[in-house]
Amino acid sequence: MQSSSELFPVTLASAELRGDLCEDVYRLKPGNSPDFSVELAVTRLGVHGRDEQRGVPVLLLHGSFSNRRFWYSPRGQGLGPFLARAGFDVWIPEMRGHGLSPRNQEYRRNRVADYARYDLPAIAAFVREQTAQAPHWIGHSLGGITLAAALGGRYLGAEDVASAALFGSQVSRTCWPLKISPVEWGGQLLLRCLGELSGTRLKRGPEDEPLGVGLEVLRWHGLFGRFGERGNDWWAGLAGVTVPVLAVAAEADREDPPWACRKLLEQFGSECRHYYCLGRRHGHSDDYGHIEMLVSKPAQVEVWPLVEHWLRHQALPGQTTVGASGDRAQDAAIHP
């Protein structure tokens with residue numbers, strides 16, 4: 001079959017109608033990482049009959065133990081279909097070994113560093129080739145962390161990212177016992193014995209996570225840990241990022257608490273950066289949790305329209321200026 005791209009081999013694996021939606025699933029084989037077996041599934045969503053009217057491209061990155069179904073249910077519900085019906089050109093990648101992306105030969109060694117350095121740039125290049133536009137990016141949890149790593153590591157540039165929205169993403173919440181070296185070593189030994197982290201066994205989600213990601217997170221939070229890799233400090237690199245950034249936190253999120261999500265946002269050097277917290281004390285109907293902030297009936301009413309507004313204006317409802325200074329923009333965005 002002829003490649004769907006001039007960049008690297010791409011196969012159109014399926015093209016289906018799902019109600020009013022058209023779903024195209026591509027399999028990318030970029031061959032840009034040491035493991036040449038890596039293949040990445042990317043689902044493109046649009047409204048049937050509007051193929052010639054596709055709008056601005058938006059990329060949705062799932063979190064850990066997850067896949068494309070976080071954004072797009074089999075019944076055609078979710079933030080992905082919502083944005084497609086609102087006129088956006090929606091793209092949903094699945095990380096190595098997740099969902100429709102097959103497990104690569106070195107699956108156990110997969111790390112966020114690999115996603116950020118190799119996979120996201122390849123996905124960005126393909127979407128730009130197909131749309132002739134820089135896409136907006138939305139990441140939840142580990143998806144947002146991976147996006148931050150790619151930006152801080154300078155693997156993605158302003159030509160690849162029109163804006164970035166991070167939902168429930170942080171790297172500052174510390175597990176203090178991991179600062180004790182024997183505890184950290186014990187955690188590494190346990191992970192190596194397990195081989196991988198089972199999402200179903202741990203009741204975290206439908207997918208497994210590889211050993212490499214688990215060891216990487218332990219290293220970030222260890223005694224001398226840092227958000228980065230050898231020779232590339234992602235945390236320091238975020239200060240040089242200039243794309244518009246939105247950070248959304250949830251009041252009842254114990255996994256990624258609001259203060260830590262805000263701290264990640266404050267590290268960005270972007271002039272246009274906004275912070276928003278979901279909770280009753282901020283005027284919302286519920287104290288949202290880590291998953292409920294994007295996948296719940298209240299989110300459909302209170303959060304999805306917020307996302308649409310951000311994508312259209314790079315500002316929050318009630319704000320008219322895109323280029324507000326960082327601190328003023330954050331303070332204004334705490335309350336809806």
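Author: A salt bridge is a side-chain nitrogen of Lys or Arg within 4 Å of a carboxyl oxygen of Asp or Glu. With that rule, a search of the whole structure finds 18 salt bridges. This is a predicted model, in which local features need pLDDT of at least 70 and side-chain atom pairs count only at pLDDT 80 or more, while totals for chains, interfaces and linings use all residues. Residues are numbered from 1 along each chain as its sequence is written, and side-chain values use heavy atoms, with hydrogens and water left out.

Reader: Thanks! What makes D208 and R103 a salt bridge?

Author: The N to O distance between the side chains of D208 and R103 is 3.1 Å, and the limit is 4 Å, so the pair qualifies. D208 sits in the loop between strand 8 (196-197) and strand 9 (209-210), and R103 in the loop between strand 5 (89-94) and helix 2 (112-131), so the bridge ties together parts that are 105 residues apart in sequence. Helices (H or I, at least four residues) and strands (E, at least two) are DSSP runs, numbered from the N terminus.

Reader: Why is D208 called buried, and what is R103 called?

Author: Buried means under 20% relative accessible area, exposed means over 50%, and partly exposed lies in between (1.4 Å probe, protein chains only). D208 has 17% relative accessibility, so D208 counts as buried. R103 has 45%, so R103 counts as partly exposed.

Reader: What about E106 and R109?

Author: Their side chains meet in a salt bridge at 3.5 Å, N to O. E106, at 37% relative accessibility, counts as partly exposed, whereas R109, at 63%, is exposed. Elsewhere, salt bridges that share partners join R18, E23 and R68 into one network.

Reader: How do you know that D287 pairs with R280?

Author: The closest N and O atoms of this salt bridge are 3.5 Å apart, again set against the 4 Å limit. D287 is partly exposed, with a relative accessible area of 29%.

Reader: Moving on to N67, why is this residue called buried?

Author: Its relative accessibility is 10%, so N67 counts as buried. N67 is found in the loop between strand 4 (57-61) and helix 1 (79-85).

Reader: What makes the N67 and E207 pair a polar contact?

Author: A polar contact is a pair of N or O atoms within 3.5 Å; within protein, one must be able to donate a hydrogen and the other to accept it, and residues adjacent in sequence count only if both atoms are side-chain atoms. The side chains of N67 and E207 make such a contact at 2.8 Å. A polar atom of the N67 side chain also lies 2.9 Å from the backbone nitrogen of R69.

Reader: Last one: why are helix 2 and helix 5 called roughly perpendicular?

Author: The axes of helix 2 and helix 5 (residues 211-220) come within 8 Å and cross at roughly 105°. Axes are lines fitted to C-alpha atoms, for helices over the stretch in contact, and angles run from 0 to 180 degrees between N-to-C directions. Angles under 35 degrees count as roughly parallel, over 145 as roughly antiparallel, 65 to 115 as roughly perpendicular and the rest as oblique. Helix 2 is therefore roughly perpendicular to helix 5. V112, A113 and Y115 of helix 2 and V213, E216 and W220 of helix 5 make the contact, meaning heavy atoms within 4.5 Å.
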